[in-house]
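Biologist: I want to learn how to read a structure like this one. Please take me through it feature by feature.

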Amino acid sequence: MKLASLKGGRDGRLVVVSNDLAWCADAAHIAPTLQAALDDWDVVAPKLALLATDLAHEAIPMMRFHERQAAAPLPRAYQWADGSAYVNHVQLVRQARGAELPESFWTDPLMYQGGSDGFLAPRDPIPLPDEAWGCDLEAEIVVVTGEVPQGSDRESALAAIRLVGLANDVSLRNLIPAELAKGFGFVQSKPASAFSPVFVTPEALGDSWQDGKLHRRLDVDLNGKPFGRTQAGEDMTFDFGTLIAHLAKTRSLTAGTIIGSGTVSNRDADGGPGKPIDQGGRGYSCIAEVRMVETILNGAPATPFLKGGDVVRIAVEDDHGHSVFGAIEQTVNAAA
């Protein structure tokens, strides 16, 4: 089952979307918003599934689904926490500045609490008041949970995953060092994130969803050219069950909590840092990572951060080349 929120009102209008993302059906008579559906999932989900079946058989009124008319599936959420499940990404960051990677990073996930009071729609521009802030994309996999009691283990956490989607966790890289130096985490350096037009139930992903990981290629294009073709199911040190259980160690999670994987990152086949696509590698899911590799290999970064007019596209395709979640496609809107 695929769900989306059309723009309209503070929390959007819930629709069920066809598998090919071409059509949708209004779900307001079942639940007015996705958050309302998540709040009563055990009752609402079977009704939404029946609506999805009727949509597939063209047995109900339906309308064309246009991704540009979609809000974030959850235009705001009770909680947004972003992990760093791909330790290769963290290792490159530290290696570029000559710092050792603590052994605990392989056993204890990194995670930060992001702002969740408002998210960008998948086709909304990325606002950038100052290019000197070092704007970067971060292509990620995300999950949305139901209720997760405090102290839940990995298996219980996995069972609480309701939906899977994509995110562009925008980062302002040049603001990060000063914030982290304070020892109190991200605030200004993490503006609003964007999410894919559609979130999908794990069951609908079939074999692509296994062991709390999405086993699909994550495609990132920058200004119409391939930038990243990473494999989301590889090099993921911490699966989503582990990330959710980590967050729930000292708190309960309410239905509608969104948890991110962190930047998807693969090592090269020889075990070294990933290579650009034009050099036979899988590329990258953020600009910072290619800059790290350039620093390690050449002593200094060469790839610039995002500037006004740059276009970022993030998507996942199935085995037949069809979009699974729709595309995040954003243009950087820099101040004059």
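**Reading the model**

Modeller: Helices (H or I, at least four residues) and strands (E, at least two) are DSSP runs, numbered from the N terminus. This is a predicted model, where local features need pLDDT of at least 70, side-chain atom pairs count only at pLDDT 80 or more, and totals for chains, interfaces and linings use all residues. Residues are numbered from 1 along each chain as its sequence is written, and side-chain values use heavy atoms, with hydrogens and water left out.

Biologist: Is Ala56 buried or exposed?

Modeller: Buried means under 20% relative accessible area, exposed over 50%, and partly exposed in between (1.4 Å probe, protein chains only). Ala56 has 61%, so Ala56 is exposed. Look also at Asn19: its C-alpha atom is 7.9 Å from that of Ala56, though the two are 37 residues apart along the chain.

Biologist: How do I read the whole chain?

Modeller: Start with the inventory: the protein chain has seven helices and 20 strands. Then take the radius of gyration, calculated over C-alpha atoms; the globule rule is 2.2 Å times the number of residues to the power 0.38. For 336 residues a compact globule would come near 20 Å, and the protein chain has 19 Å, which agrees. Along the principal axes, the C-alpha atoms fill a box of roughly 60 × 45 × 35 Å.

Biologist: What percentage of the residues is buried?

Modeller: Buried residues make up 54% of the 336. Now check contacts, meaning heavy atoms within 4.5 Å. Of the contacts with a separation of 6 or more, 72% are between residues 24 or more positions apart.

Biologist: How do I read a strand?

Modeller: In a regular strand, side chains alternate between the two faces of the sheet. Take strand E9, residues 139-145: seven of its seven residues are buried. One side carries Ala139, Ile141, Val143 and Thr145, the other Glu140, Val142 and Val144, and both faces are covered.

Biologist: Which strands pair with E9?

Modeller: Two strands pair if DSSP finds at least two bridges between them. E9 pairs with strand E10 (residues 161-168) in the antiparallel sense, over seven bridges. E9 also pairs with strand E18 (residues 258-260), again antiparallel, over three bridges. Val142 shows both pairings: it stands opposite Gly165 in E10 and opposite Gly260 in E18.

Biologist: How do I read aromatic pairs?

Modeller: Rings of Phe, Tyr and Trp (its six-membered ring) pair if their centres lie within 6.5 Å; planes under 30 degrees apart count as stacked, over 60 as edge-to-face and the rest as tilted. The whole structure has seven such pairs. In one of them, the ring centres of Trp80 and Phe119 are 6.4 Å apart and the planes stand at 90°, so the pair is edge-to-face. Trp80 lies in strand E5 (residues 80-83) and Phe119 in the loop between strand E6 (111-114) and strand E7 (126-128), so the pair ties together parts 39 residues apart in sequence. Trp80 is buried at 1% relative accessibility, and Phe119 is buried at 10%.

Biologist: What about Phe195 and Phe199?

Modeller: Their ring centres are 6.1 Å apart and their planes at 80°, so this pair is edge-to-face too. Phe195 is buried at 0%, and Phe199 is buried at 0%. Trp80, Phe119, Phe195 and Phe199 form one aromatic cluster.

Biologist: Where does a charge sit over a ring?

Modeller: The test is NZ of Lys or CZ of Arg within 6 Å of the ring centre and within 35 degrees of the ring normal. The charged end of Arg64 sits over the ring of Trp23, 4.7 Å from its centre. Arg291 lies over the face of Phe305, 4.2 Å from the ring centre.

Biologist: How do I read a polar contact?

Modeller: It is a pair of N or O atoms within 3.5 Å; within protein, one must be able to donate a hydrogen and the other to accept it, and residues adjacent in sequence count only if both atoms are side-chain atoms. The side chains of Thr263 and Glu138 are joined by one of 2.3 Å. Thr263 lies in the loop between E18 and helix H7 (287-298), and is buried at 3%.
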